[in-house]
Amino acid sequence: MTATVSFTIDSPLGPRTTSIAYERKGAGEPLLLLHGIGHHLQAWHPVTDVLASEHDVISVDLPGFGTSEPLPEGVPYDLATVAPALGAVCTALGVERPHVAGNSLGGLLALEMGRTGLARSVTALSPAGFWTEGERRYAFAALLAMRAGARALPRPALERLSRVATGRVALTGTIYARPARRSPEAVVAETLALRGATGFEATLAAGGSVRFTDDVPGLPVTIAWGTRDRLLLRRQGVRAKHTIPGARLVRLPGCGHVPMNDDPALVSRVILDTARSRALVAA
């Protein structure tokens, strides 16, 4: 069940209070799950039960996405604001330095949390920020096209499309390698989430100048890339490995940009292995 928690953001405009939506289940060391731009926490549902068998799993709707409130007016959607805000969310939930797994935008935020001491391990699935300018422009154009399509479709047409495999491919083929496997209900829900994402444009604008260029030393980091990622091409994973030399670089065969649905067992194993490696280091 989705709940909300209030937290305070230290922004350039001073402290601001807002709230975020989250789901929580399981027991063990905390594990924070961060979705990508335009998506919502339900992106993690294919893997949540497996992860919750070993962890206290907290999946969130990022500010301005899903059912979370947008950031207060004038507060930027940049790394320097959102990553520490997620740390404040953890504090409000009674969690200190969780393991963090993120996809796309969420992967970039996970790495930033690791870099700034807010995470005990990081698993980044196709993280943003390792692109060339041309690759960034391509990805942003694809995202804007998806957003425009989501906003243009009347809901009855969306529901009709979602009921056939070809429709699910048309709606979500950019981010999934196996979009026909998505349930009609999930496709409708995530398309509506993309349509209604109040933080979409501001997040995209803030990401225009983002390049992740720092190492993330002192904790386990896994960077995983789907071999069929059509949004952020897998060669960006090699750049990420050069930037973070101590990271483990993992291929996700047959997976697209949002791999949790394409191969839930493999993605769960990658995340759990990263968290376990932290326990081995601590021992």
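**Reading helices, strands and their contacts**

Colleague: Which residues of helix 3 are buried?

Modeller: Buried means under 20% relative accessible area; exposed means over 50%, and partly exposed lies in between (1.4 Å probe, protein chains only). In helix 3, the buried residues are L105, G106, G107, L108, L109, A110, L111, E112, M113 and G114. That is 10 of its 11 residues, so the helix is mostly covered. The model is predicted: local features need pLDDT of at least 70, side-chain atom pairs need 80 or more, and totals for chains, interfaces and linings use all residues. Residues are numbered from 1 along each chain as its sequence is written, and side-chain values use heavy atoms, without hydrogens or water.

Colleague: How are the elements numbered, and what do the buried residues of helix 3 pack against?

Modeller: Helices (H or I, at least four residues) and strands (E, at least two) are DSSP runs, counted from the N terminus. Contact means heavy atoms within 4.5 Å. The buried residues of helix 3 pack against strand 3, strand 5, strand 6, strand 7, helix 2 and helix 8 (200–207). Just after helix 3, G117 has a positive phi of about 80°.

Colleague: At what angle do helix 2 and helix 3 cross?

Modeller: Axes are lines fitted to C-alpha atoms, for helices over the stretch in contact; angles run from 0 to 180 degrees between N-to-C directions. Helix 2 (residues 79–92) and helix 3 (residues 105–115) have axes that come within 9 Å and cross at roughly 75°. That makes helix 2 roughly perpendicular to helix 3. The classes are roughly parallel under 35 degrees, roughly antiparallel over 145, roughly perpendicular from 65 to 115, and oblique for the rest.

Colleague: Which residues make that contact?

Modeller: Helix 2 supplies L79, V82, A83, L86 and G87; helix 3 supplies L108, L109, E112 and M113. By class, seven are nonpolar, one is polar and one is charged. Ala, Val, Leu, Ile, Met, Phe, Trp, Tyr, Cys and Pro count as nonpolar, Asp, Glu, Lys and Arg as charged, and the others, Gly among them, as polar.

Colleague: How do helix 5 and helix 7 cross?

Modeller: The axes of helix 5 (residues 155–162) and helix 7 (residues 184–196) come within 9 Å and cross at roughly 140°. That makes helix 5 oblique to helix 7. The contact uses R155, L158, E159 and S162 of helix 5, with P184, V187, V188, T191, L192 and R195 of helix 7. Five of these residues are nonpolar, two polar and three charged.

Colleague: What is the strand order of the sheet?

Modeller: Two strands pair if DSSP finds at least two bridges between them. The open sheet of eight strands has the order 1-2-4-3-5-6-7-8, with mixed pairing. Strand 1 (3–11) and strand 8 (248–252) are the edges, each pairing on one side only. On average, neighbouring strands are turned by 25° against each other, direction ignored.

Colleague: Which way do the residues of strand 6 point?

Modeller: In a regular strand the side chains alternate between the two faces of the sheet. From strand 6 (residues 121–125), S121, T123 and L125 point one way, V122 and A124 the other, and all are buried. Strand 5 (residues 99–103) runs parallel to strand 6, joined by five bridges. T123 is the bridge partner of A101, and S121 that of H99.
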